[in-house]
Amino acid sequence: MYDFNYQKPSSVADAVNAMKAASDGKVLAGGQTLLPTMKQRLASPSDVVDLAGCGDLSGISASGGSVTIGAMCTHAAVAGSSDVKGAIPALAAMAGDIGDPAVRARGTIGGSIANNDPAADYPAACVALGATIKTDRREISADDFFTGLFDTALAEDEIIVSVSFPAASKAAYEKFKQPASRFALVGVFVAQGSGGARVAVTGAGENGVFRVSAMESALSGNFSAGALDGASVSADGLNSDIHAQADYRAHLVGVLAKRAVAAAG
Ligand SMILES: Cc1cc2nc3c(=O)[nH]c(=O)nc-3n(C[C@H](O)[C@H](O)[C@H](O)COP(=O)(O)OP(=O)(O)OC[C@H]3O[C@@H](n4cnc5c(N)ncnc54)[C@H](O)[C@@H]3O)c2cc1C
C-alpha cells in the first residue's frame, strides 16, 4: 500500500470539500473493494476520505410509496430493514444474499453502485426498480447512472447520498452464483411498477447491467413466466471467461428471467 492522507469528516458537505481539496482523493465506504485494491497497489489515492463519520449518509425510511436508503447503509442493514421488507421484499432478499456475512456487515449500497462491478447485484435492482440516485449535487435516474464497466455518471469528487426505490407491485431477483465469490455469474431482477415491467440483467454484459426490452414488452400485457416462452437474448456483447461462455450466460438470462417472474407472481 502506498502512503496517503486519511481524513474523516462528519458531514457530506465536509467530505465534498475534502475531495475538492485533494489532488486525487477517494471516498471510503465499507472498504471491501477499495482497500484490497490499494493493498495490491492498483490504486494510489492521495487522500482517503472516510465517510463513516457522516451521519447524514445513514438511515432507511419509507414514505409516499418509496423507500430511501442512505449511501452508508450496509447490505446487512438493508436485508434486515422492516421498511425495505415492507415496501420491496425482493430488495431485502437480494441484499441478504450478497457475498458472505463479513461482506454484508461492511459493504454498503453507495460503495456497491459507485463501484459498478459488472457482476454486482445492486445495479440490477436499481435499474429494474427505476431507482433514483441522490448525490451531494443532483439526482440521477438509474437508467442514466450506470454508464459502463466500473463506470458511472458520477464526477470524480461527487458523493452518493442516498438511493430511492419506488415500491413495485411485483418484484423478484434470481441469481446464478459464482460459487467462490458469490457474485452473480448472471442475475436477473424483474419488477412490475407504475411504469410497466422492467427486466435488468447483471453479470452477463460486457458493459455491466442492461435491460431486456423484448422481455419487458412480452411482460407488459401479461406478467407471467409463460409470456417469456421463446424470449431469448443474443450472446453478442456478453461476457466469456473461465466461469462461463457468452452463449451459456445468454441461456441463463432466459432461465433466470422466467424464474424471477414466477417468484414475483
Ligand atoms: C468476497 C467478496 C464477495 C462479494 N460478493 C458480492 C456479491 O455477491 N454481490 C455484490 O453485489 N457485491 C459483492 N461484493 C462487493 C461488496 O458487496 C461491496 O458492495 C463492494 O465491495 C463495494 O462496497 P463498499 O461499501 O465496500 O465500498 P468501498 O470499497 O469503500 O468503495 C468502492 C468504490 O466506491 C466509491 N464509493 C464508496 N462510497 C461512495 C459514495 N457514497 N459516493 C461515491 N463513491 C463512493 C469508493 O471511492 C470506491 O471507488 C463482494 C465483495 C467481496 C470482497
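These legends describe close-up views of a predicted model.

**View 1. The chain is divided into three parts: domain 1, domain 2 and domain 3.**
Domain 1 covers residues 5-51. Domain 2 takes in residues 59-166. Domain 3 spans residues 170-264. Taken over C-alpha atoms, the centres of domain 1 and domain 3 are 34 Å apart.

**View 2. A shell of 32 residues surrounds the ligand.**
Look for the closest residues: G30, G99, G107, G110 and G111. Sorted by class, the shell holds 15 nonpolar, 13 polar and 4 charged residues.

**View 3. Strand β2 and helices α6 and α7 each supply at least two residues of the shell around the ligand.**
Strand β2 runs over residues 25-28. Helix α6 covers 101-106, and α7 covers 109-115. Which element gives the most to the shell? The answer is α7, with 5 residues.

**View 4. Helix α1, residues 12-21, has buried residues A15, A18 and M19.**
Seen down the axis of α1, these buried residues fall within an arc of 100 degrees, so they line one face of the helix. What covers them? The cover includes strands β1 (5-7), β2 and β3 (47-50).

**View 5. Strand β12, residues 184-193, is largely enclosed by the rest of the structure.**
Why is β12 described as largely enclosed? The reason is burial: 9 of its 10 residues are buried, so the rest of the structure largely encloses the strand. Strand β12 pairs with β11 in the antiparallel sense, and it pairs with β13 in the antiparallel sense too. The next two views take these pairings in turn.

**View 6. Strands β11 and β12 form a hairpin.**
Strand β11 spans residues 170-177. The two strands run antiparallel and are joined by 8 bridges. Find Y173 and F189 to see the pairing: Y173 stands opposite F189 in β12. Between the strands lie 6 residues.

**View 7. A second hairpin view shows β12 joined to β13.**
Strand β13 covers residues 196-202. How many bridges pair β12 with β13? There are 7, and the pairing is antiparallel. The hairpin links the strands through 2 residues. G193 stands opposite G196 in β13.

Technical notes: Residues numbered from 1 in each chain as written. Predicted model: local features only at pLDDT ≥ 70, side-chain atom pairs only at ≥ 80, totals over all residues. Near = placed C-beta within 6 Å. Helix = DSSP H or I, 4+ residues; strand = E, 2+ residues; numbered from the N terminus. Nonpolar A, V, L, I, M, F, W, Y, C, P; charged D, E, K, R; others polar. Buried ≥ 20, exposed ≤ 12 C-beta atoms within 10 Å, placed from the backbone. Arc of directions from axis to C-beta. Contact = placed C-beta atoms within 7 Å. Domains from an automatic or database assignment. Pairing = 2+ DSSP bridges.
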